[in-house]
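Please look over the sequence and the structure shown here.

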Amino acid sequence: FDLANVQLAVQPLLQPLRELTGKVRVDEGGVEFQSVRGVIAGVPGSLNGRWRYWQKPQLLFDFASPSLDVTYLLSQVDPESTDFYANLQAAGKIAVTKGRLGGFEFSDFKSDVVIDRRVWRFTNPTMRSAGGLIEGTATLTDKPDLFVFAVAPKIQGVPVQTFLKWFDMSTTEMTGKVNLTGSAESSGMDGAERKKNLHGT
């Protein structure tokens, strides 16, 4: 199939995919997506990959977007379609030119990712934030009533004001840049709760 300005409702998203172009091939083993471009939750993106009917993981993909608000995208997941998301198993690569997750703003993000029943595991991620470099690993658990993260970052040259903003903290009395390695974990539905529950080394 050749797609040209197609709109398609896809579980578990509340908004349909819009302005889809590209090619879709269907055979007895699955559905292949070739250079598919479109708008997801108001954000342009491109996708190559394959949905495999009976194999695990079901979805293999390569996704790229010039701009992505992860918090907003997660808010567009239909809570009534939790069975699909709760059972989804996927593996692929993600590249985002500019993005944000709550108060965490980043650019030039690239990572391998595995999605396993609402748990996102990022391996070999690299990104920049306010001129600094961030590497490491991360696991995000997106439960219906709780958000959990565990990260093991290597942070180089991030301004301290930017670093504190990630945790909804600020001060006018500190200047300089942060170089940090370690691990951190937290859980909660908002920044204040995650800050209260934050622990690590």
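In which sense do strand β5 and strand β7 pair, and over how many bridges? Strand β5 (residues 59-65) and strand β7 (residues 89-101) are parallel, with 7 bridges between them. Strands here are DSSP runs of E with at least two residues, numbered from the N terminus, and two strands pair if DSSP finds at least two bridges between them. This is a predicted model, in which local features need pLDDT of at least 70 and side-chain atom pairs count only at pLDDT 80 or more, while totals for chains, interfaces and linings use all residues. Residues are numbered from 1 along each chain as its sequence is written, and side-chain values use heavy atoms, leaving out hydrogens and water.

The hairpin of β7 and β8 has 2 residues between the strands, and Gly-102 takes a positive phi near 65° in it.

Phe-61 is also among the residues with the most contacts inside the largest nonpolar core, which has 36 residues. Such a core is a set of buried Ala, Val, Leu, Ile, Met, Phe, Trp, Tyr and Cys residues joined through side-chain atoms within 4.5 Å; buried means under 20% relative accessible area, exposed over 50%, and partly exposed in between (1.4 Å probe, protein chains only).

At the surface, Phe-1 counts as exposed because its relative accessibility is 70%. Phe-1 lies in the segment before β1 (2-8).

Notes:
Helix = DSSP H or I, 4+ residues; strand = E, 2+ residues; numbered from the N terminus.
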